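Subject: Structure handover

Hello,

Please find the structure below, with the sequence. My notes on what turned up in it follow.

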Amino acid sequence: MEHSTGHHHGCCQGEHSSRRGFLKLATLGAGVTLMAPMMVSRPAQAGGVDTLLLTCMDYRLMARVAEYMEGRSLKEKYDHIVLAGASLGALNDKKPAWGEAFWDEVEIARDLHHVKRLIVMDHRDCGAYKAFLNLDLAADPRRESDVHGQYLTKLRTIAKQRHPDLEVELLIMDLDGKVETLAV
Ligand SMILES: [Zn+2]
């Protein structure tokens with residue numbers, strides 16, 4: 001368009017191929033739309049998914065999180081939301097969009113899979129606590145538990161306000177994969 005005095009032929013070719021590209025995308029879009037209802041209805045029919053898990057993004061723990069869920073007989077039976085900092089991520093006033101996305105996804109999980117339980121799993125030595133709160137808590141596990149406990153319980157309070165029938169579990173994992181339940 002900037003080169004209106006230039007090569008007409010080249011210009012038309014460009015337009016043509018971009019229109020073809022659009023058609024290809026439109027076709028893909030239709031396929032996705034057709035498949036979505038099947039993917040959604042299968043787990044609901046099986047009645048196998050009742051849990052929504054929130055964890056941090058930390059790569060060191062992903063395999064251990066999966067092992068933990070498998071140990072609770074929940075393998076491939078949970079929806080999983082990932083936010084840096086887990087409870088802190090959902091409550092982070094420096095990143096309000098994260099909290100919005102979190103609550104939106106809680107609603108989607110409830111609508112699609114009728115989840116009845118939210119498991120919030122924080123973890124020790126979490127980089128998000130350093131990045132957002134400037135707190136390096138790894139050297140003081142009791143203080144670390146206290147600080148995580150504040151965010152975990154705050155998130156549970158809000159979750160209960162929004163979804164009174166939602167069961168909420170609060171957990172902290174250490175870097176070896178050991179999981180403690182928050183006793184509050
Ligand atoms: Zn983390």
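A salt bridge here is a side-chain nitrogen of Lys or Arg within 4 Å of a carboxyl oxygen of Asp or Glu. Please keep in mind that this is a predicted model.

Salt bridges

Searching the whole structure gives nine salt bridges. One of them pairs Arg 117 with Glu 169, whose closest N and O atoms are 3.7 Å apart. Arg 117 belongs to strand E3 (residues 117–123) and Glu 169 to strand E4 (residues 167–173), so this pair ties together parts that are 52 residues apart in sequence. Both ends count as buried: Arg 117 has a relative accessible area of 16%, and Glu 169 has a relative accessible area of 16%.

Asp 58 and Arg 60 form another bridge, with 2.7 Å between the closest N and O atoms. Asp 58 is buried because its relative accessible area, 12%, falls under the 20% cut-off. Arg 60, at 28%, is partly exposed.

A further bridge links Asp 125 to Lys 130, and here the closest N and O atoms are 3.2 Å apart. Asp 125 is buried at 18% relative accessibility, while Lys 130 is partly exposed at 35%. Elsewhere, bridges with shared partners connect Asp 50, Arg 72, Arg 117 and Glu 169 into one network. The Arg 117 and Glu 169 pair described above is therefore part of a network that also includes Asp 50 and Arg 72, given that a salt bridge is counted within 4 Å.

Charged patch

On the surface there is a patch of negative charge, gathered from Glu 100, Asp 104, Glu 105, Glu 107 and Asp 111. One of these, Asp 111, sits in helix H4, which covers residues 96–113. Is Asp 111 buried or exposed? Asp 111 is exposed, because its relative accessibility of 57% is over the 50% cut-off.

Regards

Definitions and conventions: Residues numbered from 1 in each chain as written. Predicted model: local features only at pLDDT ≥ 70, side-chain atom pairs only at ≥ 80, totals over all residues. Heavy atoms only, no water. Patch = residues over 30% accessible without salt bridge, like charges linked within 9 Å, V, L, I, M, F, W, Y side chains within 5 Å. Areas by Shrake-Rupley, 256 points an atom, 1.4 Å probe, with all protein chains shown as cover. Lys, Arg positive; Asp, Glu negative; His and termini not counted. Charge placed at Lys NZ, Arg CZ, Asp CG, Glu CD. Helix = DSSP H or I, 4+ residues; strand = E, 2+ residues; numbered from the N terminus. Buried < 20%, exposed > 50% of the residue type's maximum accessible area, 1.4 Å probe, protein only.
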